[in-house]
Amino acid sequence: MSLSRKAAVVGAYEHPTRFAPDKSMFQIMAESIRGALQDAGLTIKDVDGLCTTGIGMSGMGIVGFCDYMNLTPNFVDSTSIGGSSFVAHTAHAAAAIAAGLCSVCVVVYGSTAASSRFAIGTGGAGGGSDPCDQYEIPYGPTTVGSYAMVAQRHMHEYGTTSEQLAEIAVTMRLHASMNAAAKYRDPITIEDVLASRIISSPLHLLDCCIISDGGGALVITSAERARDLKKKPVYILGTGETVRHVADGHRDFLEIAAAQSGRLAFERAGVAHKDIDLAMIYDSFTITVMATLENLGFCKRGEGGAFVRGGRLRFDGELPCNTDGGGLSSNHPGMRGIFLVIEAAKQLRGECGARQVRDCNLALVHGTGGALGTRHSGATLILSNQ
Amino acid sequence: MAEQQQKKYSKPLPHIDEENRPWWEALQRHELYIQKCRDCGWTRYYPRALCTQCLSARTQWMRCSGRGKVYTFTVTYQNQVPGFRESLPYVMAYVELDEGVKMLTNLVDCRPEDVKIGMPVEVVYEDVTPEVTLAKFRPAR
């Protein structure tokens, strides 16, 4: 009983804003849904499933958003596992459609992190009230610090250098220069990254994602229905999700959730690493990309440094990565998982203009949520236009 | 210690409850413990009521030597949280205790630039308030 090719992404829309002090989060979300439905050739009346998260602290945020949109869906999912949530939502929507729980499901995200001056990475990590937080918050953990500790260990175990991490940032910026909506588009060099101030050692400012306002939406339906719509369907072939954490104090820090979620997605899709034409990899920080590529199995653990050198991740390289410019240069309002799926869909449909990957037929998406060095989630998708 | 009592401690404090109280009270006595399951032998930090491997509630408290090594660290230069933003830069680290578990902590009594992974460290207890003592680590003497 496989999920493969039962559902497809038929609408994908990234809100063009990166700074919107005049708009609320909900308005950004509503506009994103409108854009995605127009992209799909469907209307709000067709929608009977909704996935979203990131709204308020009550856990009931999705109900408030349904109120705002006057929706009464047959399927709701507000799985809240950090930035990867929307990648997981895509998988959950596919499963719901395959199971007959709904027929047209919207996944949506919106945030005003920039105009609300929300310090995403340096405002302190941890919710504060969970048991695990009590042994951490007294010491001053930050989200960036958690990732930095993984980078520090990676350098110690494998000899990875700041130059190697910097190349990831340089490639993301190159891609952003070809994306009119990206927040930062001026090219940078490895020297620029190394010269930028250290936020939490060994991560420099330019190793860290930007802060923007933004939003996006996806429309997902059955493969059958997708074939009647106007654009090439983006079929969901494989999915996987899991978490990693301190593991009672026994964790291997350099194994991340991608090791498990990626293996599940590849097994379920029945494809090989060499078949992947595009990798959309959550880039909260440069180390996130390097550790993810290793743990997904594109290279061996420890070889990430060499793997990213020489332009391999360029849109015209061996493994194009984050062709929109990523969270490092284009868009990161706090949780960017939805943008990974949106860009993958556009690439698979051949809609990316100057940054289009040639012969792009199979894409992998991997979202990481939370703090890599403390506790995080991973969600992987494999998508195809055939 | 006298200076700390005069200035109000402004950093976040842990929430102490019945599940973790014995561990925090031990820190006040300047003792560091981890837990070991009496049924399957699995060791764990941070303290919890049940073993995660077999769900047993039979717990042995193991007194730690207080010694370990730096497993990884970061020197934090930016933190907006009140209390911490006045103490920048400071060192976050995971220390791997000799007993085999890693705990998140701060490294103190050393220059940030001198911290190295693998560096031997020893626990130092900070009585930050009358109710709370924190376990931090300094280079082993």
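## How chains A and B meet

Across the interface of chain B and chain A, 25 residue pairs are in polar contact, both partners having pLDDT 80 or more. Keep in mind as you look around that this is a predicted model. Strand 4 of chain B gives the largest share, six residues. Sorted by class, this side of chain B has 26 nonpolar, 14 polar and four charged residues.

In total, 44 residues of chain B are in contact with 36 residues of chain A. The two chains bury about 3,400 Å² between them, with 57% of that area on carbon and sulfur atoms. B:Y46, B:Y71 and B:Q78 supply 19% of the area that chain B buries against chain A, more than any other three residues.

The rule finds one salt bridge across this interface. In a salt bridge, the side chains of A:D248 and B:R48 come together at 2.8 Å, N to O. A:D248 sits in the loop between strand 8 and helix 9 of chain A, and A:D248 is buried, at 6% relative accessible area. The loop between strand 8 (234-244) and helix 9 (258-269) of chain A also holds A:A247, which is partly exposed at 28% relative accessibility.

Now for some backbone details. Most residues other than glycine have a negative phi, and most peptide bonds are trans. Here are the places to check:

| Site | Backbone feature | Value |
|---|---|---|
| A:A247 | positive phi, not a glycine | about 55 degrees |
| A:D248 | positive phi, not a glycine | near 60 degrees |
| B:Y45 and B:Y46 | cis peptide bond | omega about 25 degrees |
| B:L88 and B:P89 | cis peptide bond | omega about -15 degrees |

Just after helix 10, A:G297 takes a positive phi of about 100 degrees. In helix 2 (residues 61-69) of chain A you will find A:G64, which is partly exposed with a relative accessible area of 31%. A:G64 and A:F26 are 38 residues apart in sequence, and their C-alpha atoms are 9.5 Å apart in space.

How values were computed. Residues are numbered from 1 along each chain as its sequence is written. Chains are lettered from A and ligands numbered from 1 in the order in which they are written. This is a predicted model: local features need pLDDT of at least 70, side-chain atom pairs count only at pLDDT 80 or more; totals for chains, interfaces and linings use all residues. Side-chain values use heavy atoms; hydrogens and water are left out. Contact means heavy atoms within 4.5 Å. Buried area is the accessible area (1.4 Å probe) that two parts lose on being put together, summed over both. A salt bridge is a side-chain nitrogen of Lys or Arg within 4 Å of a carboxyl oxygen of Asp or Glu. A polar contact is a pair of N or O atoms within 3.5 Å; within protein, one must be able to donate a hydrogen and the other to accept it, and residues adjacent in sequence count only if both atoms are side-chain atoms. Helices (H or I, at least four residues) and strands (E, at least two) are DSSP runs, numbered from the N terminus. Ala, Val, Leu, Ile, Met, Phe, Trp, Tyr, Cys and Pro count as nonpolar, Asp, Glu, Lys and Arg as charged, and the others, Gly among them, as polar. Buried means under 20% relative accessible area, exposed over 50%, partly exposed in between (1.4 Å probe, protein chains only).
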